[in-house]
Amino acid sequence: MLQQLTDAGILRTVRGPEDGAAAVWLAEHWGTAEAVVAVGACGLVTRLIAPLISDKDSDPAVLVVDPNGRFVVPLLGGHAAGGDRLSQTIAALVGGEAVLTGASAARGQLPLDAFGQAWGWRRGGGDWRGLMVESARGNRISLRQESGNSLWQTLEAAGSTETAGPADLVISPHGGDGCRWHPPALWLGLGCERDTSLAVLERLVSEGLAQQGLVPEAVAGLASIDRKGDEPALLALAEQRGWPLRLYGAHTLAGVTVPHPSEAVAREMGTPSVAEAAALQAASQAGGAPRLLLEKTIGRAGAGERGAATLAVALAGRQWAPQRGSLHLVGSGPGAIALLSGEARQALAATTVWVGYGLYLDLLEPLRRPDQLRREGRLTEETARCAEALDLARQGLDVALISSGDSGIYGMAGLALELWLQLPVLDRPAFTVHPGLSALQLAAARAGAPLMHDFCTISLSDRLTPWEVIERRLRGAASGDFVVALYNPRSLGRPWQLGRAIELLGEGRQASTPVLLARQLGRAEETLSLHTLGSLPQEQVDMLTLVLVGNSSTRVQDGRMVTPRGYPGAALA
């Protein structure tokens, strides 16, 4: 089990001892560990960590896994340290169950002091303990959301009531009363003289944000003119704060309408504005109508410092944080949850939003938690689904884009990757394809061993591929004597194409060649039937059927379809 966690990247430090030195080892690593995963009894682990517990803001998460891997219990740091989410990820990986004992989990509600992280936000000030006590008592929690993605409010687990006045929970770029989450929606436009000191920029940003009651946790990034792309202080500020830096050409900035254009700046830089124009341009790219919250303000060097700088702050209509987000292409398998790969389960457990065609989401619905958002589209809207999933990931969310079977085989991985590659590098969230089990593999397993020699797959749908190309591929498969799996074989709108495919494949093999019809694979309605190329009941085939055509050496024996590993007369390895 520990090796599984290490291979999955969950355990990144040395393993703990297996003897009486456990207390010493824990004390040594307590201050630096993000999380401690212990395999054993809750009572033993509780006694070991009791002398080390300080406060929920600094203690690591502590998770206990029973020796058989059936249960994962977040013993400490379930919310603040991310123990609940980590336990769900580990449970998915080892095939166990996360046992969440917090009040929010017991009521099926969002943990208000932790949920925002999953939505790409940063936690701000407030009496979070008091808020959680009130929530645990079942008292009404009032909410005000001023920025950031509001789709979370549609979750089954949301539960808060929105108000326009003072609120217990506030989602905003501003600091103030109430417990605060800060979505990344502020863009800081900066201009500076050459070799301006870093301290000048730091002070200007700090004072400028404070002047408007804004907080650094709500900053999405910095923006400036491209001529400042090598400015040491600007680069240092971006790296120090973890703020991406967008750079624009003078021509682009000159086209932005600003309240304080400057002829002197225009003569020097080729644009009448740097700070205001860059802030507005970056906020506009993030999406929605931008608003300038802080007009151009100037910061000058103090004693021992150099240079001067200008700052403007714009609020984007949408949050933006691709460096925090990720897009996971998940293959759900042919149907049954039992056929879902462990890696796919882990990705589904770790993501905040699931995007997919309704039928595929329905198959996985038993795995979805109340804190995970479901976004479904129609079957023919693949591009729109990819675009939505990618957009949510760019906002800082972890998103699963779900296909049936294997996402990389007639699934969404290719289209999603094409759209991802079209984005500037700065706009790309993490991108991972998780393999699934293809219908072809399950059909072969059910039938016997028909894929023991070279094979190919061909989709008969001409919605994306011209029929002339499909015919050329069918002829190639026939002349090469491949075992052939036909996907999307027959629909109401194109009932004739399967017959033509059988005709073309029949040019290279006998009418007695075995053919498997596998319908609704991996689901309760699954049916399989063996036929021959010359007597195939085409009327029984639809879009939920996979047609597997053997090669010239494939045979059926005792109800099993088998393709020998070699042709007659060839040496078998």
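**Figure 1. The second largest pocket has a volume of about 1,400 Å³.** The search behind this view ran on a 1 Å grid over the protein atoms alone: a pocket is an open set of points with protein on both sides within 12 Å along at least five of seven lines, whereas a cavity is a set where a 1.4 Å probe fits but cannot get out. Lining residues have an atom within 4 Å of a point. Grid points are joined across faces, edges and corners, and the volume is the space filled by probe spheres set on them. This is a predicted model, in which local features need pLDDT of at least 70 and side-chain atom pairs count only at pLDDT 80 or more, while totals for chains, interfaces and linings use all residues. Residues are numbered from 1 along each chain as its sequence is written, and side-chain values use heavy atoms, with hydrogens and water left out.

**Figure 2. The lining of the second largest pocket is built from 45 residues.** Look for Y360, E382, Y410, N488 and M543, which lie nearest the centre of this pocket. At least two lining residues come from each of the helices α13 (358–364), α14 (382–394), α15 (413–421) and α17 (467–479), and likewise from each of the strands β18 (398–403), β21 (455–459), β22 (483–487) and β25 (545–549). Helices (H or I, at least four residues) and strands (E, at least two) are DSSP runs, numbered from the N terminus. By class, the lining has 21 nonpolar, 17 polar and seven charged residues. Here Ala, Val, Leu, Ile, Met, Phe, Trp, Tyr, Cys and Pro count as nonpolar, Asp, Glu, Lys and Arg as charged, and the others, Gly among them, as polar.

**Figure 3. Y410 and D195 are two non-glycine residues with positive phi.** Y410, one of the residues nearest the centre of the second largest pocket, has a phi of about 55° and lies in the loop between β18 and α15. Its relative accessible area is 43%, so Y410 is partly exposed. Buried means under 20% relative accessible area, exposed over 50%, and partly exposed in between (1.4 Å probe, protein chains only). For D195, phi is about 65°, and the residue is found in the loop between β10 (186–192) and α7 (198–211). D195 is also partly exposed, with a relative accessible area of 41%.

**Figure 4. A308 is a buried residue in strand β14 (residues 308–315).** The relative accessibility of A308 is 10%. Contact means heavy atoms within 4.5 Å; leaving aside neighbours within four places in sequence, A308 is in contact with G191, C192, E193, T196, G299 and R300. The C-alpha atom of A308 is separated by 8.7 Å from that of R194, 114 residues apart along the chain.

**Figure 5. R523 sits in the loop between β23 (514–519) and β24 (527–532).** With a relative accessible area of 18%, R523 counts as buried. Its side chain reaches the backbone oxygen of P334 at 3.3 Å and is joined to the side chain of Q520 by a polar contact of 2.8 Å. A polar contact is a pair of N or O atoms within 3.5 Å; within protein, one must be able to donate a hydrogen and the other to accept it, and residues adjacent in sequence count only if both atoms are side-chain atoms. Beyond four places in sequence, R523 is in contact with P334, G335, L359, L363 and L544. The C-alpha atoms of R523 and A336 are separated by 5.6 Å, although these residues are 187 residues apart along the chain.

**Figure 6. T513 and A511 are found in the loop between α18 (497–505) and β23.** T513 is buried, at 4% relative accessibility. A polar atom of the T513 side chain lies 2.7 Å from the backbone oxygen of Q510. Not counting residues up to four places away in sequence, T513 touches H531, T532, L533, V549, G550 and N551. With neighbours within four places left aside, A511 is in contact with T532, L533 and G534. Between A511 and G534, 23 residues apart along the chain, the C-alpha separation is 4.3 Å.

**Figure 7. C42 is partly exposed, whereas C179 is buried.** The relative accessible area is 32% for C42 and 3% for C179. The structure holds zero disulfides, a disulfide being a pair of cysteine sulfur atoms within 2.5 Å.
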